[in-house]
Amino acid sequence: MGGNASQPTSPTTGPTSIGDPTDSDERVAQLARVMTSKPKQNKRRHDHHPFWDVEEDTDYDGYEESIYILKQLYKRMDPSVMKTLGDAKGDVKLSLKYDVRRQLLLVKVVSARDLSAKDLRGKASDPYIKLDVIPDSYSDGAKSTSVVTKSLSPTYNEILMFKVLPEDLSDTQLRAQVMSHDPMGKDDFMGEKIISLAETDLSKVSTEWYTLQAEVQYWA
């Protein structure tokens, strides 16, 4: 009898799909290696302010597509790995001062430490700090630092400014949130600290480590 007879495939010899456990570990390893290429280093200058000298490094990389593929692979292997990893933990270091002449609250975001890991492998995060004031009488909105990639103890040394009248200082709170940047989805919350300006000596530069807490629903 002529012709090419097709041979049946078996679970051990036939073709495998992206979600099969027989090849998932190797695929994960291959894609993870793509993500470990050294990111480009870029210098970015921020507005100088006489209270502080500001110089910082920012680094970005171009592996968004690899991250997306890796996430999809993990999701097919086990959807539970897509859940948020870790709880609010760590500290953020801030320096606060009030510029009376310009009626500005100056916040220097110095650094953070001992943050929770939010990447898929639970080893690192891409953190940035987001600040806003409550109430926001001048509609300044939230302001953020640059993103530091693959770090649990990032350094920023960036100054963010908010318009606050002197008579409003005692009723104003500063909210500092640490977020982990996700280029393909919603950024991960890592912890926050709400600081009462009435309890802070703003007549001089006040620098402290603030312990991060779980997110609080706040109504101004």
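A cavity is a set of points on a 1 Å grid over the protein atoms alone where a 1.4 Å probe fits but cannot get out. Grid points are joined across faces, edges and corners, and a volume is the space filled by probe spheres set on the points. The model is predicted: local features need pLDDT of at least 70, side-chain atom pairs count only at pLDDT 80 or more, and totals for chains, interfaces and linings use all residues. Residues are numbered from 1 along each chain as its sequence is written, and side-chain values use heavy atoms, without hydrogens and water.

The structure holds 1 cavity of 30 Å³ or more.

Four strands form an open sheet in the order β6-β5-β8-β9, with antiparallel pairing. Strands β6 (143-144) and β9 (188-196) are the edges, each pairing on one side only. Strands are DSSP runs (E, at least two residues), numbered from the N terminus; two of them pair if DSSP finds at least two bridges between them. Strand β8 (residues 173-180) is joined to β9 by 8 bridges. M179 stands opposite F189 in β9.

Two charges sit over rings (NZ of Lys or CZ of Arg within 6 Å of the ring centre and within 35 degrees of the ring normal). The charged end of R113 lies over the ring of W209, 3.9 Å from its centre. The charged end of K143 lies over the ring of F162, at 5.0 Å from its centre.

Technical notes: On a 1 Å grid over the protein atoms alone, a cavity is a set of points where a 1.4 Å probe fits but cannot get out, and a pocket is an open set with protein on both sides within 12 Å along at least five of seven lines; lining residues have an atom within 4 Å of a point.
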